Amino acid sequence: TGSDGLTHKTINKKKIFKAVNYFNSIKFTVNNNLLDYLLSEEGSYILEEIKAADLIQRELTLLVAKYYKNIQFYLNTHIDWRGRVYTQSFFLGYQSGDLSSALINFSEGAPISDEGKLYLYIYGANSHNENNISKASYYDRVKWVINNYDKIINLDKNLILSADLPFIFTAFCLNLRKIHNDPKAIIKTPMFL
């Protein structure tokens with residue numbers, strides 16, 4: 001893509017349109033496991049302890065999540081002149097902040113494979129990021145999850161509150177607990193590596 005002002009040219013428009021249309025065709029749902037946990041007596045401590053920079057934004061995000069709790073939805077996207085893809089959602093979106101991203105699930109999921117579990121572990125270690133583990137090898141990140149496995153599946157408060165991305169990390173913990181209890185559990189969480 002390009003900008004006329006910078007004498008760039010836009011080429012392969014069909015590929016650009018195809019990419020945007022593909023992103024716009026993905027169905028999402030609210031991560032009800034996380035939403036229910038955050039609104040429960042057991043999990044409400046996270047909202048109380050993790051202070052929002054913008055409390056109104058947080059409350060609106062939670063309100064939108066409650067409203068869409070049982071509804072499939074799409075996230076509109078667009079591409080800028082540099083070819084970067086952006087969502088156009090202010091409250092729920094995979095390019096938003098910690099809470100907004102954690103509340104997003106794919107509408108459809110699947111049981112997790114061994115390879116998928118490996119990437120889930122890496123994603124979990126990245127979202128916690130203890131001692132900058134997200135910069136370590138994949139092996140070290142998987143090992144970190146294995147070493148903290150009991151704390152993760154038991155939703156250890158101190159571990160969750162010390163995460164760089166506590167809401168995403170909590171969603172990861174809930175997924176791992178779900179897999180621990182049922183190895184064939186359906187997982188819908190988008191994982192970004």
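Residues are called buried when their relative accessible area is under 20%, exposed when it is over 50%, and partly exposed in between, with a 1.4 Å probe and protein chains only. By this scale Asn 131, at 75% relative accessibility, counts as exposed. The model is predicted, so local features need pLDDT of at least 70 and side-chain atom pairs count only at pLDDT 80 or more, whereas totals for chains, interfaces and linings use all residues. Residues are numbered from 1 along each chain as its sequence is written, and side-chain values use heavy atoms, with hydrogens and water left out.

Helices (H or I, at least four residues) and strands (E, at least two) are DSSP runs, numbered from the N terminus. Helix α6 comprises 15 residues, 114-128, which at 1.5 Å a residue should span 21 Å, and this agrees with the 21 Å found between its end C-alpha atoms; the expected span is 1.5 Å times one less than the number of residues. Buried residues of α6 include Gly 116, Leu 120 and the run written as Tyr 121, Ile 122, Tyr 123, Gly 124, Ala 125, Asn 126, Ser 127 and His 128. The cover over these buried residues includes α7 (138-147), α8 (149-153), α9 (157-161) and α10 (166-181).

The packing of α6 against α7 takes place at an angle of about 80 degrees, with the axes 8 Å apart; axes are lines fitted to C-alpha atoms, for helices over the stretch in contact, and angles run from 0 to 180 degrees between N-to-C directions. The two helices are therefore roughly perpendicular, given that angles under 35 degrees count as roughly parallel, over 145 as roughly antiparallel, 65 to 115 as roughly perpendicular and the rest as oblique. Contact, meaning heavy atoms within 4.5 Å, is made by residues of α6 including Leu 118, Tyr 121, Ile 122 and His 128 with residues of α7 including Tyr 138, Arg 141, Trp 144 and Ile 146. By class, this contact of α6 with α7 has 10 nonpolar, 3 polar and 1 charged residues, where Ala, Val, Leu, Ile, Met, Phe, Trp, Tyr, Cys and Pro count as nonpolar, Asp, Glu, Lys and Arg as charged, and the others, Gly among them, as polar.

Just after α6, Asn 129 takes a positive phi of about 65 degrees, and Asn 131, in the loop between α6 and α7, has a positive phi near 50 degrees although it is a residue other than glycine. Leu 155, in the loop between α8 and α9, likewise is not a glycine and has a positive phi of about 50 degrees, but at 4% relative accessibility Leu 155 counts as buried.

A further helix pair is formed by α2 (residues 32-39) and α10, whose axes come within 10 Å and cross at roughly 110 degrees, so that α2 and α10 are roughly perpendicular to each other. On the α2 side Asn 33, Leu 34, Tyr 37 and Leu 38 meet Phe 167, Thr 170, Ala 171, Leu 174 and Lys 178 of α10, and the residues of this contact divide into 6 nonpolar, 2 polar and 1 charged.

Strand β3 (residues 77-79) contains Ile 79, which is partly exposed at 21% relative accessibility.
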